[in-house]
Amino acid sequence: MTEGVVQIDRELCTGCGNCAATCPSEATQGERGQAHSLAAERCMNCGRCVQVCNAFDSLFQAYPTSRSARLQQRGLVDGLQEPLFAAHDCGTLAPLQAALADSRRTVVVQCGPTVALTLGEDFGLPSGSIAPGRVVAALKKLGFRKVYSFSLPATLAVLEEAQELAERLQAGRILPVINSSCPASVKAIEQFYPELIHYLASAKSPHQMAGALLKSYVAGKLGLDPAAVYSVSVGPCTSRKFEANRPEMTSGGRPDVDAVLTVRELAYLIKTCGIDLAGLAEEAFDDELMAVAGTDDAYCVPGDITAAVLQAARSLLATQPDGPLAVTLADTASEGVRTTSVRLNGFEVKAAAIAGWKNAVPILEAIKSGKNEFAFVELLTCPMGCVSGGGQPKVLLPQDRIPTYSERTRLAGTGARDWEGAAQHPAVQQIYRDFFGKACGDKSNRALHTQYQERKGIV
Amino acid sequence: MRAENFSRFVQSDAEKCIGCRTCELACASAHAEVAALTAGAAVGRVIPRLFVMVGPGATAPVQCHHCEDAPCRNVCQMSAISRIAGRTVVDTAKCIGCKLCLMACPFGAIEFLPQPPGTMPIYGSAVPPTAHWAGRQTFRANNCDLCNTRATGPACVASCPEKALELIDAAASRRRRNAEAALDLLQVGAE
């Protein structure tokens, strides 16, 4: 059996079925009381099972595999002192550490907005208590030569999707645009709804855009051969590990993102290297990838992307600006589904922001049967979006899970952002004009666009 | 002694238990020096005071029944086990780790916990170090303490996702069974 990025350790699994109960794609196999496994061709790599599994490596039980061998199997490094659980995602810490120690490689890293929000939790600190500048300092101390904010790639992803929405609205067909920034949802649509893949926005997810830029635009600015750049992405997600290995996500035969670190794995690295996170002085992000103020905290909670894309789409459609567009998402009778209705330069646009794959199924079925009412659909696999992502610090006890996710959501906030002005930001203008030489929405831009394939029965 | 003074204990319903080990984690968190919200903050090997047994076809946690005439207490040569407010309590300072209690317990509810300072960090029930063993790794008997310092009662009961654990009040339980049996008799009579 081919194993995926997310796996269940059969030695530790007690067969309790908690993973099966939470798995959105019925990928778990095994009878109650028997060790479970995951069918990689059904698994979305979302890591819900990783978050809920409590079957830890008990000191009072003998296992055929030693703890250090188990750490190695999982791509983790020795010295990790926290409990290991049956459901886990496989890491790439050993090759990353080798790259960090290799003087011929320049290891650069992009850091998503939820990292600073949750990293402290794995150090016993409250959510949101670590300033982003402290995460930058920790990454620098670990040997990352350059640390970049996520904001420019996030802005590009929003603009590219907004352009696609504007074009499809004007053409009056292939609606809705299904947001493509959640790699678990993308894989699930390829697997379970291959007839809908042409609805997916062709824009890559922001961290893959960032990876492509780090190996081209940033490498050029630094005067480096792209082959010497080792690019790392830190974020809340386990399915990014699968995404980064897709053949479409390469340039010149090299992956755009060499290693994906979850927030949990970044915490392991910081601990095993003996860095005192709370005691570090804040450092600034490097500026070869310029920060776009006010846009780096999108992609945290469900609805952020919908608001951003609708606002940006209006600025692309409008002949003259007419003040900021308020996007208010309202709860619906369906769990995890919020909707909004806005007017975009003559188009009455309905949009849905969905959190939780199972909540998306009725809407995907409606699209399939021609009963769709939406022009834009944001689809996040995890139950409360990326703040509850499979790679986030794992909440130990079930009763603490929802309160912790709610607190992360509250802290992430939904601040006022200037998405309508995003296209005019100097960093954005410069990268389209001087580097790409292509307009926003040009699908021949391989740094920003990708394709999808039917994936029925394919791992 | 009247039945109302029976000691209480945590019992699991093997029909409901799914063997997920959440109770063990909750137990360790309740006894850890600092309770961890996330797995990453739980530094060390998890040491609970109850143990989930995974057998063919059934799972259930096993813990101390705080027996009225506790075999562990009777057998202890060091008088290290006593009954305090209805709980069977091990005085780890007196315990020499002879394991007689472990042999005597009909449930296997006594586990020997590593006593720091050792090389291994512990998340959960650490045994306080004793002067004459300072600096050496050793083991001490340990059992369920019914979370006696926790205002809301045993952590394992509170965290079980299947509600399979119950803090048993034997006398109340007996009265309930009596009532149920009486009702059954009435129904049989009515048929």
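Biologist: How many residues does the contact take from chain A and from chain B?

Modeller: This is a predicted model, and in it the contact takes 30 residues from chain A and 29 residues from chain B.

Biologist: And which elements of chain B supply at least two residues of the side that touches chain A?

Modeller: Three elements of chain B do so, namely α1 (22-31), β2 (45-47) and β3 (51-55), and α1(B) brings the largest share of that side with four residues.

Biologist: How do the residues on that side divide into nonpolar, polar and charged?

Modeller: On the side of chain B that touches chain A there are 17 nonpolar residues, nine polar ones and three charged ones.

Biologist: Where is Leu397(A) found, and is it buried or exposed?

Modeller: Leu397(A) lies in the loop between β16 (383-386) and α14 (398-412) of chain A. Leu397(A) has 21 other C-beta atoms within 10 Å, and the cut-off for buried is 20 or more, so this residue counts as buried.

Biologist: What does chain B look like overall, in helices and strands?

Modeller: Chain B has five helices and 10 strands, and buried residues make up 41% of its 191 residues. Among contacts in chain B between residues at least 6 apart in sequence, 66% join residues at least 24 apart.

Biologist: Now chain A. In what order do the strands of the five-stranded sheet run?

Modeller: The order in this open sheet is β7-β15-β14-β13-β12 (chain A), and the pairing is mixed. At the edges stand β7 (177-178) and β12 (330-331) of chain A, each with a single partner strand, so one side of each is left without a neighbour in the sheet.

Biologist: What packs on that sheet?

Modeller: Helix α12 (residues 304-317) of chain A packs there, touching β13 (337-344), β14 (347-355) and β15 of chain A, and its direction makes about 10 degrees with that of β13(A).

Biologist: Which pairs are parallel, and which is antiparallel?

Modeller: Among the parallel pairs, β7(A) joins β15(A), residues 376-380, over two bridges, with Val177(A) opposite Phe376(A), while β14(A) and β15(A) are joined by five bridges, with Ala352(A) opposite Val377(A). The antiparallel pair is β13(A) with β14(A), over eight bridges, and there Ser341(A) has Lys350(A) as its bridge partner.

Biologist: Which residues have the most contacts inside the largest nonpolar core?

Modeller: That core has 188 residues, and those with the most contacts inside it are Val158(A), Val309(A), Leu310(A), Ile354(A), Phe376(A) and Cys156(B). Helix α7 (residues 151-171) of chain A gives the most to the core, with 10 residues.

Biologist: What is Val309(A) in contact with?

Modeller: Leaving aside its neighbours within four places in sequence, Val309(A) is in contact with Val158(A), Glu161(A), Ala162(A), Leu165(A) and Phe376(A).

Biologist: Last topic, the four-stranded sheet: what are its order and pairing?

Modeller: This open sheet has the order β6-β5-β8-β11 (chain A), and its pairing is parallel. The edge strands are β6 (146-149) and β11 (259-262) of chain A, each of which pairs on one side only, and the twist averages 25 degrees from one strand to the next. Strand β8 (residues 229-235) of chain A pairs with β11(A) over four bridges, where Val234(A) has Leu261(A) as its bridge partner.

Notes:
Residues are numbered from 1 along each chain as its sequence is written. Chains are lettered from A and ligands numbered from 1 in the order in which they are written. This is a predicted model: local features need pLDDT of at least 70, side-chain atom pairs count only at pLDDT 80 or more; totals for chains, interfaces and linings use all residues. Two strands pair if DSSP finds at least two bridges between them. Two residues are in contact if their C-beta atoms, placed from the backbone, lie within 7 Å. Axes are lines fitted to C-alpha atoms, for helices over the stretch in contact, and angles run from 0 to 180 degrees between N-to-C directions. A nonpolar core is a set of buried Ala, Val, Leu, Ile, Met, Phe, Trp, Tyr and Cys residues joined through C-beta atoms within 7 Å. A residue is buried if 20 or more other C-beta atoms lie within 10 Å of its own, exposed if 12 or fewer, and partly exposed in between; C-beta atoms are placed from the backbone. Ala, Val, Leu, Ile, Met, Phe, Trp, Tyr, Cys and Pro count as nonpolar, Asp, Glu, Lys and Arg as charged, and the others, Gly among them, as polar.
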